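Hi everyone, thanks for coming. I have one structure to walk through today, so let me put it on the screen.

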Amino acid sequence: MEDIKCDLLVIGAGSGGLSVAAGASQMGASVVLLEGHEMGGDCLNFGCVPSKALIASAKAAHSQQTSGQYGVADQVPQVDYAAAKAHVKDVIAQIAPVDSQERFEGFGVRVIREYGVFVSPRVVEAGEHRITARRVIVATGSSPLVPPIPGLESVPFLTNETLFDLTETPEHLLIIGGGPIGMEMAQAHQRLGIRTTVVEGAKALGRDDPEMAAIVLENLRAEGVEIAEDAMAKSISGEAGQIAVETQDGRSFTGSHLLVAVGRKANVERLNLDAAGIETTKTGIKVDSTLKTTNRRVYAIGDVAGGAQFTHVAGYQAGVIIRSALFGLPAKARTDHIPYATYTDPELAQIGPTEAEARAIYGDKLTVARFEIDHNDRLIAERKAKGLIKAMVVKGRPVGVSIAGPQAGELINLWALVIANKLKMGAVAGMVSPYPTVGEINKRAAGAYFSPQLFDNPKVKRVVGFVQRWLP
Ligand SMILES: Cc1cc2nc3c(=O)[nH]c(=O)nc-3n(C[C@H](O)[C@H](O)[C@H](O)COP(=O)(O)OP(=O)(O)OC[C@H]3O[C@@H](n4cnc5c(N)ncnc54)[C@H](O)[C@@H]3O)c2cc1C
Ligand SMILES: NC(=O)c1ccc[n+]([C@@H]2O[C@H](COP(=O)([O-])OP(=O)(O)OC[C@H]3O[C@@H](n4cnc5c(N)ncnc54)[C@H](O)[C@@H]3O)[C@@H](O)[C@H]2O)c1
């Protein structure tokens with residue numbers, strides 16, 4: 001057993017752990033990084049990157065099928081599913097060097113490719129190494145939740161960890177779960193020519209504003225994705241190539257392949273957290289607003305910390321704890337300025353509370369400004385003008401924004417800046433956007449906030465009338 005002492009021990013080389021290790025080592029801390037599986041974690045290997053690469057294949061196929069509207073004859077795309085998966089692997093390989101062991105060793109990080117296990121509040125063992133660190137950061141991520149649905153264990157099924165390795169073309173993909181994974185993968189497969197059915201126990205995209213989700217779901221259904229809602233999977237039967245999902249209300253759905261996408265579970269089992277006095281909750285490791293666990297020398301960040309499960313959240317939290325662990329400065333993690341997007345077509349993006357959530361919090365103080373994306377000239381030119389933006393505004397400041405439409409994930413960036421810096425709607429209204437851009441949507445939403453105050457205001461009309469009488 002080799003004994004190692006260091007300033008920071010980071011457990012998990014995914015989005016959160018790598019950000020801490022890169023930042024802390026380059027600022028002069030001695031850092032040990034443990035990774036039991038693939039460098040890069042879920043995002044690079046089984047999550048964001050492969051899913052967005054497959055969505056790109058699907059978009060290419062869809063463009064061929066829909067080019068007739070631009071005067072360029074439609075064609076039936078010749079999809080090679082295995083080649084699309086080869087493209088996915090190639091994209092992962094292009095990004096992998098950024099997350100590689102070699103790159104981190106170049107920063108001076110000691111990378112150990114083993115799973116870490118706490119043996120005491122300050123000591124972690126990993127293979128033949130015993131590490132004592134001033135501070136420990138648990139960034140072990142999450143894994144697909146496999147629900148205890150009777151029969152699931154007796155049929156072959158896919159999760160996000162195996163889907164991107166599948167090269168045989170499914171004839172009919174059944175997906176249990178209509179969250180972001182289910183809906184992104186449903187549309188991607190449908191566009192690649194694969195019949196797709198989503199079996200959702202409650203409402204598809206149910207975490208989003210229902211009015212915004214409906215815009216996305218309508219388009220997915222129009223493209224042929226079958227979406228069954230209020231369809232809680234109760235039992236599963238069949239065999240490879242012929243799998244049936246029965247729902248609680250007696251419906252039955254059959255497909256050739258099954259993808260299970262019903263949420264995540266935090267990766268805590270291997271850690272032996274009891275030995276370190278670290279408590280957990282139902283969703284992950286218990287942390288306070290500074291991301292400290294119940295062991296004050298140990299932080300938890302990213303998916304394992306049980307909050308919003310996104311790569312940019314893990315990255316943001318990494319910055320917060322570097323401030324506190326390296327410089328001893330107080331640093332609290334905010335959540336009000338965190339955006340997220342679902343990369344269906346159209347996309348769905350959110351920051352802060354939805355309209356219903358904002359009404360519950362702010363009551364009469366809330367104003368909701370809306371702009372129909374159908375009136376954006378650039379999107380009209382591209383025949384993609386469908387969608388909606390809503391800004392939830394309190395005392396002139398946006399607290400939340402919802403966007404359903406093309407490039408919603410890009411458009412929400414501006415609001416992330418505005419909300420992070422507590423800017424007012426006037427800052428967005430006063431900005432000049434180049435014409436014709438999709439980004440004008442944001443300015444139009446701000447305009448929609450001010451127009452009742454300017455155009456439906458008798459006082460303004462009286463003042464203008466008065467001034468006009470006296471102006472030379
Ligand atoms: C299909 C899919 C698509 C997604 N798309 C997006 C997206 O578009 N945008 C977005 O923001 N988010 C997306 N996410 C979520 C995103 O992938 C996660 O939020 C992010 O990866 C979390 O980072 P993390 O550092 O917490 O964990 P991870 O990236 O999962 O890294 C944790 C690492 O810890 C390792 N580990 C676990 N236990 C131990 C141990 N005991 N010792 C050592 N190592 C250990 C694991 O092997 C893993 O490599 C997606 C997720 C999925 C599944
Ligand atoms: N674009 C992105 O940023 C992106 C993309 C994919 C995943 N993610 C992250 O990964 C997380 C996990 O995604 P997810 O889609 O697996 O989970 P999710 O929890 O968001 O959605 C799971 C869905 O499965 C349904 N469900 C649960 N049990 C069921 C059953 N027995 N039968 C039928 N339906 C059932 C739930 O009602 C829910 O709608 C997301 O919350 C997100 O944080 C992000």
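Before we look at any strands, one definition: I call two strands paired if DSSP finds at least two bridges between them. And please keep in mind that this is a predicted model.

With that in hand, let's start at strand β12. Ala244 stands opposite Thr254 in β13. Strands β12 and β13, the latter covering residues 252-255, run antiparallel and are joined by 4 bridges. They make a hairpin with 4 residues between them, and Gly250 in that turn has a positive phi of about 90°.

Now the other neighbour of β12. Strand β11, residues 233-239, runs antiparallel to β12, residues 242-247, with 6 bridges joining the two. Ser235 has Glu246 of β12 as its bridge partner. Here too we have a hairpin, this time with 2 residues between the strands, and the turn residue Gly241 has a positive phi of about 90°.

On to the ligands. What surrounds ligand 1? The shell holds 38 residues, and the closest are Gly12, Gly14, Gly41, Gly141 and Gly302. Four helices each supply at least two residues of that shell: α1 (15-26), α2 (41-45), α3 (48-65) and α8 (311-327). By class, the count is 14 nonpolar, 19 polar and 5 charged residues.

Ligand 2 is surrounded by 27 residues, the closest being Gly177, Gly179, Gly201, Gly263 and Gln309. The elements giving two or more residues to this shell are α6 (180-191) and β17 (339-342). The largest share, 4 residues, comes from α6. Sorted by class, the shell around ligand 2 has 15 nonpolar, 9 polar and 3 charged residues.

Why do I say that ligand 2 lies between two domains? Domain 2 (145-262) and domain 3 (339-458) both give residues to its shell, so ligand 2 lies between them.

A word on annotation. An unreviewed UniProt entry lists residues 338-445 as "domain: Pyridine nucleotide-disulphide oxidoreductase dimerisation". Over those residues, 338-445, the chain is 34% helix and 30% strand, and the end C-alpha atoms are 20 Å apart.

Last stop, helix α14, residues 458-470. From its first C-alpha to its last, this helix of 13 residues reaches 19 Å, close to the 18 Å expected at 1.5 Å a residue. Is α14 buried or in the open? I call a residue buried if 20 or more other C-beta atoms lie within 10 Å of its own. Of the 13 residues of α14, the number buried is 0, so the helix lies largely in the open.

That's my tour, thank you!

How values were computed:
Residues are numbered from 1 along each chain as its sequence is written. Chains are lettered from A and ligands numbered from 1 in the order in which they are written. This is a predicted model: local features need pLDDT of at least 70, side-chain atom pairs count only at pLDDT 80 or more; totals for chains, interfaces and linings use all residues. A residue is near a molecule or strand if its C-beta atom, placed from the backbone, lies within 6 Å of it. Ala, Val, Leu, Ile, Met, Phe, Trp, Tyr, Cys and Pro count as nonpolar, Asp, Glu, Lys and Arg as charged, and the others, Gly among them, as polar. Domain bounds come from an automatic or database domain assignment. UniProt positions are given in the numbering used here, feature names are shortened, and annotations may be inferred rather than shown by experiment. The expected span of a helix is 1.5 Å times one less than its number of residues. A residue is buried if 20 or more other C-beta atoms lie within 10 Å of its own, exposed if 12 or fewer, and partly exposed in between; C-beta atoms are placed from the backbone.
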